[in-house]
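Dear colleague,

Please find below the structure that I am handing over to you. My findings follow directly after it.

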Amino acid sequence: MAAAIGRAADARGTLDMAHCDSSIVNFVGIGTSDLLVDEGTLRDAESTIAAWAASAGMPTLVYSEAQGVRAKNAPNGPRARVPSGIDVGTPPSIALDIMFDSLQRDGTPTTLVLQFAEGQLPQDHGGGYRGDAARIVEQLALRTTDPVWRGAGHRIVLVARTENLDSRLTRLPGFSVVALGLPGPEERQAAFELMRASQRHPLVLEEGLTVEQAARLAGGLTNDDASRLRYRSSAQRPLGVGDILERKKHAIRQMAGNTLVVLDDPPNLETDVAGL
């Protein structure tokens, strides 16, 4: 079986440690659609977690406010039983009560993924029924110390797009925070090689541009960014240096909240530079 590379290797290593000490894991800084290089394929974070769980003989349940609770079944992995009584709009603390009770009654060791944790447990505690964030903190804290829960073998994984997560939770013992962030050079090259070898839609590079060069130029992009460029490439329109650089400028603008001007030419000191 092919190895996990870069962030997927970090994620799996953290999950292995949590499997030993029953800690709660929070992966932060990973985009919803970003892709990890895991076992010789490209997977999003949720699928990577489900694949790890399947390798440990566990099914996976995924919860978010927008979608409620659903099973995330990895290929050839065990099937998860979805608890009833959770609808879209059910307050998260009530949904967690239902899920925890269901898992304890069922008895099957299960990995529970809480998506968009930064929305359920924001650092600023403001808005809507976010007052129930304090109860969620308590619910999760109890899971790290409850001997019955720990002995049952369940695992809890939070996934957040930002690091703006309630510090009441992140400071607790039995809770680990791992920033996945952007892919490093090794992972980017492995991702580009997988895209180049794709049977359904291979990455086509312009003549003279190697996979190694393309991956190096793509520093600062997510693998999802690279994959979107891949789908635009074809024999008639191969991916070139200009395409990658243009995507990088777009990514920089997004991260800066459109507060930056990304320049190709030397700046005009009268219009492009402020704060001197």
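Strand β4 (residues 60–64) pairs with β6 in the parallel sense, over four bridges; strands are DSSP runs of E with at least two residues, helices are runs of H or I with at least four residues, and both are numbered from the N terminus. Two strands count as paired if DSSP finds at least two bridges between them. Within this pairing, V62 stands opposite V113 of β6. Strand β7 (residues 155–160) also runs parallel to β6, and five bridges join them. Here V157 of β7 is the bridge partner of V113.

This is a predicted model, in which local features need pLDDT of at least 70 and side-chain atom pairs count only at pLDDT 80 or more, while totals for chains, interfaces and linings use all residues. Residues are numbered from 1 along each chain as its sequence is written, and side-chain values use heavy atoms, leaving out hydrogens and water.

Strand β6 (residues 111–115) is largely enclosed by the rest of the structure, because five of its five residues are buried (under 20% relative accessible area, with a 1.4 Å probe and protein chains only; exposed is over 50%, partly exposed in between). In a regular strand, side chains alternate between the two faces of the sheet. In β6, T111, V113 and Q115 are buried on one side, and L112 and L114 are buried on the other.

As for the chain overall, 44% of its 276 residues count as buried. Its secondary structure comprises 11 helices and eight strands.

With kind regards
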